[in-house]
Amino acid sequence: MPPKFKRHLNDDDVTGSVKSERRNLLEDDSDEEEDFFLRGPSGPRFGPRNDKIKHVQNQVDEVIDVMQENITKVIERGERLDELQDKSESLSDNATAFSNRSKQLRRQMWWRGCKIKAVVALVAVVLLLVIIIVIVVKYRT
């Protein structure tokens with residue numbers, strides 16, 4: 001494509017035929033450029049390229065859709081992980097509290113068992129003393 005504009009030092013050197021030729025070139029190109037800027041890349045000159053552009057744009061749109069779905073899934077996964085972490089912390093706290101209460105209950109039951117054994121031993125000693133005293137008093141008299 002010949003250049004649209006030429007730089008001349010002197011406009012007197014340019015003949016009328018060259019001026020009209022340049023004017024025709026500018027007018028021919030301007031219609032095509034106006035079509036391009038007004039309607040976009042279409043027509044026989046841009047046909048196959050336009051199909052490729054549409055194909056690439058469709059692929060880009062598909063990738064964008066997939067990425068949006070992936071981002072949504074990641075956000076949902078993050079929310080589920082946060083919920084799971086909260087539940088696991090709650091279970092850990094409950095397990096610690098249960099362990100502490102079970103230790104405390106074990107000690108209480110151990111002391112209760114010791115008290116019962118002490119009472120039974122005391123009752124046995126008292127009965128034994130009563131029996132011994134009764135026997136001693138009977139033989140002394």
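**View 1. Asp82 within helix α2.** In this predicted model, Asp82 has its place in helix α2, the element formed by residues 47-140. Asp82 counts as partly exposed because its relative accessible area is 45%, a value that lies between the limits of under 20% for buried and over 50% for exposed residues.

**View 2. The negative patch around Asp82.** On the surface, Asp82 gathers with Glu76, Glu79, Glu83, Asp86, Glu89 and Asp93 in a patch of negative charge.

View 3. Val126 is found in helix α2, and its relative accessibility of 43% is why Val126 counts as partly exposed.

**View 4. The annotated segment, residues 116-137.** An unreviewed UniProt entry carries the annotation "transmembrane region" for residues 116-137.

**View 5. The protein chain as the setting for the close-ups.** The secondary structure of the protein chain comes to two helices and zero strands, and of its 141 residues 4% count as buried. The accessible surface of the protein chain comes to about 13400 Å², with 60% of that area belonging to carbon and sulfur atoms.

Methods:
Residues are numbered from 1 along each chain as its sequence is written. This is a predicted model: local features need pLDDT of at least 70, side-chain atom pairs count only at pLDDT 80 or more; totals for chains, interfaces and linings use all residues. Side-chain values use heavy atoms; hydrogens and water are left out. UniProt positions are given in the numbering used here, feature names are shortened, and annotations may be inferred rather than shown by experiment. Patches are made of residues with over 30% relative accessible area and no salt bridge: like charges are joined within 9 Å, nonpolar side chains (Val, Leu, Ile, Met, Phe, Trp, Tyr) within 5 Å. Accessible areas come from the Shrake-Rupley method with a 1.4 Å probe; for residues, only the protein chains shown count as cover. A salt bridge is a side-chain nitrogen of Lys or Arg within 4 Å of a carboxyl oxygen of Asp or Glu. Lys and Arg count as positive and Asp and Glu as negative; His and the chain ends are not counted. The place of a charge is taken as NZ of Lys, CZ of Arg, CG of Asp or CD of Glu. Helices (H or I, at least four residues) and strands (E, at least two) are DSSP runs, numbered from the N terminus. Buried means under 20% relative accessible area, exposed over 50%, partly exposed in between (1.4 Å probe, protein chains only).
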